[in-house]
Structures are given as structure tokens and as C-alpha cells.
Amino acid sequence: MSTAAIDNPYFDAIISLVMVYAFLSILVSVLLEAWNKRTKERGVFLQKVIFRLLDDPLNRNYGYAIYQHPIINKMRKDGDSYPHYIPAEGFANALIDTLAEQALTVHYIDGPDNTYTKDERGRQTPLAERLQEGVRLMNDSEFKRLLTNFIDRNKVALNTVPSEAEKLRLDLDKLKLELGHWYDDFMDRSTGEFKNNQRGKLQLLGLAVAVMLNVDSLHLARVFLLDKDLRDRMVERAEATSDAIVASKDTSEAALRVAVLRKLTALDTGKVKRTQADTVLMRALAVVFDDSTVVREKQQSDSLLAVLDQWQLPMGWSCTEAPLSWVQKEWCACESVPPTPRKEILLKYFTARNERSLKQAVLWFFGVLITGFSLSLGAPFWFDALVKLINIRRSGLKPKTTDQRNA
Amino acid sequence: MERYTNIHSHVFSGGCVPDYFLKTILPKRFHAYADEIMWILRSERVRSALEVWAEWRGPARLLRRNSKLLRIIQFLRVGAQNTQEEVFLCMKQAYAALGPNTRFVALTLNMDHMDVQSSSHARIEDQLAEIERVRAHYPDTFLPFVCADPRHKQGNDLRDWVKEKVERRAFMGIKLYPAIGYFPFDTGLDALYAWAEQNAVPIMTHCTRQGTFYTGSMAQVLPDPKPAGLHSTAPEMADIHARIKRFMNNDLTWDHSNYGCNIFLHPQNYEPVLRKYPRLKLCFAHFGGDDELLNKAQELRTRKLDDTNWHVEVKRIMGLYANVYTDISYTLHNPKVYTQLAGLIDGPLGERILFGTDCFMTLKEAPEADLLKRCMGGLGMDRFNRIAARNTDTYLRSQHFEPAKTTVLTWTRSTPTLNTPEP
């Protein structure tokens, strides 16, 4: 453990608690990602956003049209799903093709031997011309105005044509680039909207993890204060986590999650035998992860739970610990686990807590609620908090925020 | 060998359907949760689980009684296809027994005006553009009808819009679906009828008391108990106005938009149109519906909504006008109707009864291939040949389309025809 400028049990207990929150927040993020993958939510959200972006009630919903375009349609895995991501170039190409197709007409004309044959008119015209014609044919609308402006802005002088009227030619590459920027800007704004949509789910998942792992924040805080060994162990891991976050070049949540997990796995693997404290969560996860699309998330959650198990934190469901210890033994179907050897002061505290009383029940309820709320703040929040706290602990180093690190 | 045509089918995919479409299927008390229910049912696993559940004895009985849930599941299963082409191919597979040349009339539906709520579904022009692509891929077997709605375009605008599509043979006829909020005698359809009559272009109209309906408030589409008509002096208008007034004064019907079918789709609504355009080639789909055909529409009579038997009404109108047709789509799912249908096909109206299934709406009743078998077996092949080959050809024949001709899959690429100059 590194030398600390601030060596205060209360401060260290806070760091330990923040470390637990940061760690469990990773689990919540992984679960949310797995849930989104299973429900194909990102794809559905993207589809809705693009439908909204390109909906022109006076003409067509070009969002629907570009989802029919082979570039986008081929990205779908099955009839039930939509692509999670559409590159700007693919979007621009699909939109241009769709608009240009409005200038094409298929006629079925009389052919030889009592037949009709197809006659597609306009196909041989260059794409840029077809695009302009397709836009011209649209009913007047705000979307048409937008497209016309895009086209006008991307016309370049064509000196080789002598006629005054034909001096400008549409530069398709420039237009594609501008359409791509427009799409990217819109998607950036929509990312915020998606995150807002996720907040409710994050709260639910946070609470679910708190309940399933029986994480009572008030209890944890008390144990961290009473148990120096555990506190020191947690501070050591908090410092390692902070170092991993600061060292990570990629500051995206996913990258930080991987870096932290790698660091902690290296620290703890194989030290302690796995217990069954997380059985409830494991059973729930088996249902969530019963799908080939969430293999990565399954591996990450397995590693997280393995590391968590090795920390031997006072959490998880056990017949000998609150709140199960409050109910009649006969009701409790789980195997009895031998109590962990504890110091006298801890033993006293645990004995009192395991006795059934209204006060303990209320404290447990609020403790779990606090955990649920804390986990819903998300991993990035707790990573930042952890880095700041560790920096303060280490001789008052000025903490770096994520924004500063990004800069 | 006969060449068969299914005169009544739909191929729209989930993307064509507005967000509020589920209201046409769900009971009113669930309308507020339509989005959430749609979200849950979009999952293939959920749909499969519900179907397994529906196979159990108890729940199955419960489900089959109102069949709402199964209808949603089946609809979404097919509608969840990526494209209308995939929906078409699903349907085509079921007709292997009739040979690869079997033709399908795909009826498009303008769902943009089904409610005043906003929805970011595929607009009608998207649906038609996609339909045209399917026709380009299967020009000889895919024969779409273009839907007309006087709230989309009116008068000469509507006529020219339809005319352009029918004249270049991208679409073979016109589809009307008044239940989504307009009357067939709307003045906005006048020019279209005139042109359709002159060119013998077939019109298909939905005609049962069930089906998709206007999901908003009735007050939005029925502001006046005496809506103007294209033939205001027609004697039927008095009856029609009286019925609309009764409908508006009846709290039950006025508050539940699903009863709108009773008022907008009534066969008598077409009589002013047919008086003005007696040679109009009009097909009343579903032959009034199986309940009416079997005279089982007791529920409606007890509610004093309307005492008319639509099946009888359709037959009466067919007797008056030589170009009025009917089809047996959806009605054919009921095995009890076949004896009566066989008699009707052998009777004087037999040449104007057409074969159609209403695929994929009928999936809640039976798989398409089973319905086909049921129909061929129930009517006998001779009658089936008449209604599915000869009668359908007569109905489809117009100034612009000859069903005896085949459309070959070769391209003739014309010279550029755009107005803009070449660089």
C-alpha cells in the first residue's frame, strides 16, 4: 500500500465505499448493455431517430426508404433487429440513391408475343442529375428546402461549359460529406437523448443489483470503519483502480471498464476460493445472459463477480446474516454457511445486526435504497469520484477530471 | 392449365403501419398502453412464448374466443418482415400447389390519415415506391392496386395521381378503404370514379363491419350528420343521412371508433356513386362477411345499430349493376359458408364472385395454404377455377391492362428522359 498524506479511517472508509460503488456500477453498466443488446434497443432507437430525422409528412418518410436501401437493409441480422450503428457515408449514399430514385419511372409497355416488357426511364441519366430531379419533383416542404440548400451549397463552377446557365455542377462527393456531417451532428445530440432514456433503466438495474447482492450501504460503511484490514485492502484496490483509470488513454466508459477489470483481476485472481454469496445474482444473470449476442457481457460479469467474491465484503445472501437471519430458520432453505471468524468488536456489531428488530429492518431498507441510488449514478461518476479521492489522499494532488484528461 | 389470381391480399410490413395501428386490434381499455404492448410484442421470443401458451388448453380457449392476441401476434410475425417483398414471398410460398404463375393482387392502404396523432411510419408514397420495386422484381405475378383517399388528394389531383400509375401499368386498379374516415360518395372521389368508369379500371373496396378503422375521435371525421355527396339528389342519400344521424346520437357507437366501419362501409353508401357511374367496376370485398352470410349478426341488431344484412345488400346491388363484383376473402375461413357460396357461384351472380383470401390478415384464422385447400375442397375445382381464374381475369381487364398477357422480366432501358440537361 502506498504512503498516504491523509491517513484517516473515516476518509478511507469513504474511499472503500466509493470503490464498491464504482465496481458495482461497472456490473450495472454491463447488465444494461446486455439488456440493450437482448432487446435490440440501440437499433430500435437509431431507427426511430432516423425516421424522425427524415420524416417529411408532405412527401415521404425517407427514414423508412433508406432502411429499405440495400446498404442499410443488409446490416440487419434478422427481421426483428435493426443495425446498432450506421456509418455517415452509408447514410449519405442511401439517402442520395433514394432521392435520385424519385426521378425514375418504370413503365410496362406492350412487347412482342402478347407480352408486356419493362421500360425504366431515367436510369441512364447521371446520378447527380437524377438526384436534383428527384428533389425537384418533391412537394414543397421544409425538408425539400433543406435538401435544396444542401444541393445548392455543393455546386461547383464548371468552366468547360460555355453556356451561362450550365456553369454550376453538383459535386456529389462534397454533398455526401455535408450530409454525413449533418447526420453525425444529429446522432451526437441523439446520444444524449439515448442516455436520458437509459437513466430509468439504470435506476432499476442499480436497485436490482443492490437487492440481489444484498448491498446495504449503511452496513458497509460501518464495517469499513470497524474492520481496518478490510478497509486497507479496499483502499489498496481503490488506488490500483485509480491508477488504471488515469493510465488509460481511451477515456470511454467501455475502455475504462476493461482497464479497471484487467487491473483488479490481476490483483485478485486465485487468492480466495469462490463462495456462493452471489447465488441470487448468478441465477438472475443466467437468464439475462442466455443469448449468444451477449457473450462479451457474460464474460465481463463473470470476472466482476469473481473479483467481488475474493474481496469478501459483507454482502450477499446468507441464512446467518441479516436480513435472512431475522426470519425463522425453518423458512430458510439455503445451506447454512459457517460464520466468518471476526474480531470481537465486529462480532458484537454483527450479532446486534443479525437480531430481528424494526430498527435493523429500517436501516437495511434504507441501506439498500442508498446503494440502488448510488449505482444508478453510473460508472463514470464513481470513477471520477474515486480518482479525486485518491488524489486527495495522496498528498493533496490536484485531481484530474475526465474532461481534463480528455483535453 | 388455368392461371389463378388471388384478388385480395396485403403485403405491407410493420414499417408501413402507424404507431397507433394497434388500437384497431386492442380493446379500448388497453389503448393507452398500445406503445408498450407493441414494444413487448416486437420480440420474436415473446411472440413464440405467447403462441406456445395459446396452444395450452385453457388459455387457448380464452384466446380463441376473442382471438385479439393471436391476431396481433400473427400480424406482427409477418409484419415484422424487413420489406413488403419478404411479406409477398411468405404469401407466395403458400401457393406452390397452384403453380409458380399464380398472381396476387396486393392492396395498398393509406394509413396516414387513420388518426390525428403524429406517427413516423412509412408514408403512403414510401409504401407505393416499395410496392413498385416488388412489381419490378415479380412483374408477372405481383399486381398491386393503388389506394385512394380523398384526404390525401382530391378531384383531378387524385385522378391524375392514380392515372399516372395505372397508365404505366405499375398498378392495376384502385383500392378504397372508407373505414379509415371518409365516405365513398365523397365529392373528392368524383373525378376518379369518372375516369375509372371510362377506362374500366377495377376498384376494390372493403365491405364488412370488422377491420381496420379510424382510431381517433369520430367527431374528427363526422363533423356533419349530412355530409355532401357526389350525387346529392340520389334517393339513397336520405337513408344514409338518417343512419349517420342515428350513429351520431348513439353514445355507444359515437364513443367507440371501431363501430365506424358500420357507418363508413355500408354497401348503400355506394349506391349514389353507382347511380352516377353505373358501369363502374366495383368489387365489394368479403361478400358482406361470414357472420352476415350466415345471418349471425345478432349482436349488432340487438344494439339497434343497423338492421341491414350486408351480404343481402351486396347481392341486391350486384343485381342492379352489371359491373359490381364481390370476393370471398376472409369469409372463406369459415367452413360453414361453403354450401351457400357454392350455390351462389352456380347462380346468376356466379360470374362476378372472385377468389381472394385477405392474406395476411387471415393468418389468425388459419395458415394461407390451409385456407387455399379449404376453399378448393369446399367449392370443388370447377367452381374454384371459375372464381380464381376466369372471373378474376374479367375483373382485372381494363383499358390499360390485359390479364391474358404475360409481363416478361426483360429490361428496356430508354434514353434519358429527365428534363435537366446532361453535363
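Helices (H or I, at least four residues) and strands (E, at least two) are DSSP runs here, numbered from the N terminus. With that in hand, chain B turns out to have 19 helices and nine strands. This is a predicted model, so local features need pLDDT of at least 70 and side-chain atom pairs count only at pLDDT 80 or more, while totals for chains, interfaces and linings use all residues. Residues are numbered from 1 along each chain as its sequence is written, and chains are lettered from A and ligands numbered from 1 in the order in which they are written.

Let us begin with the sheet of chain B. Two strands pair if DSSP finds at least two bridges between them. By that rule, eight strands of chain B make an open sheet in the order S1-S2-S3-S4-S5-S6-S7-S8, with parallel pairing. Its edges are strand S1 (5-9) and strand S8 (353-354) of chain B, each of which pairs on one side only.

On one side, strand S3 (residues 142-148) of chain B pairs with S4(B) in the parallel sense over four bridges, and B:Val146 stands opposite B:Ile174. S4(B) is also joined by three bridges to strand S5 (residues 203-205) of chain B, again running parallel; here the bridge partner of B:Ile174 is B:Ile203.

In a regular strand the side chains alternate between the two faces of the sheet. What covers the picture for S4(B), buried or exposed faces? A residue is buried if 20 or more other C-beta atoms lie within 10 Å of its own, exposed if 12 or fewer, and partly exposed in between, with C-beta atoms placed from the backbone. Both faces of S4(B) are covered: B:Gly173 and B:Lys175 are buried on one side, B:Ile174 and B:Leu176 on the other. Across the 423 residues of chain B, 51% count as buried.

Now for some backbone details. Most residues other than glycine have a negative phi, and most peptide bonds are trans. In the loop between S8 and helix H18 (368-379) of chain B lies B:Phe360, and a cis peptide bond with omega of about 10° joins B:Cys359 to B:Phe360. B:Asp358 is found in the loop between S8 and H18 of chain B and has a positive phi of about 70°. B:Asp358 counts as buried, with 27 C-beta neighbours inside 10 Å. B:Phe287 has a phi near 55° and sits in the loop between strand S6 (282-284) and helix H14 (290-293) of chain B.

Strand S1 (residues 105-111) and strand S2 (residues 115-121) of chain A pair in the antiparallel sense over seven bridges, with A:Tyr108 opposite A:Lys118. Three residues lie between S1(A) and S2(A), and A:Asp113 in the turn has a positive phi of about 55°.

Finally, helix H5 (residues 88-101) and helix H6 (residues 127-136) of chain A pack at an angle of about 65°, with their axes 7 Å apart. Axes are lines fitted to C-alpha atoms, for helices over the stretch in contact, and angles run from 0 to 180 degrees between N-to-C directions. Angles under 35 degrees count as roughly parallel, over 145 as roughly antiparallel, 65 to 115 as roughly perpendicular and the rest as oblique. H5(A) and H6(A) are therefore roughly perpendicular to each other.
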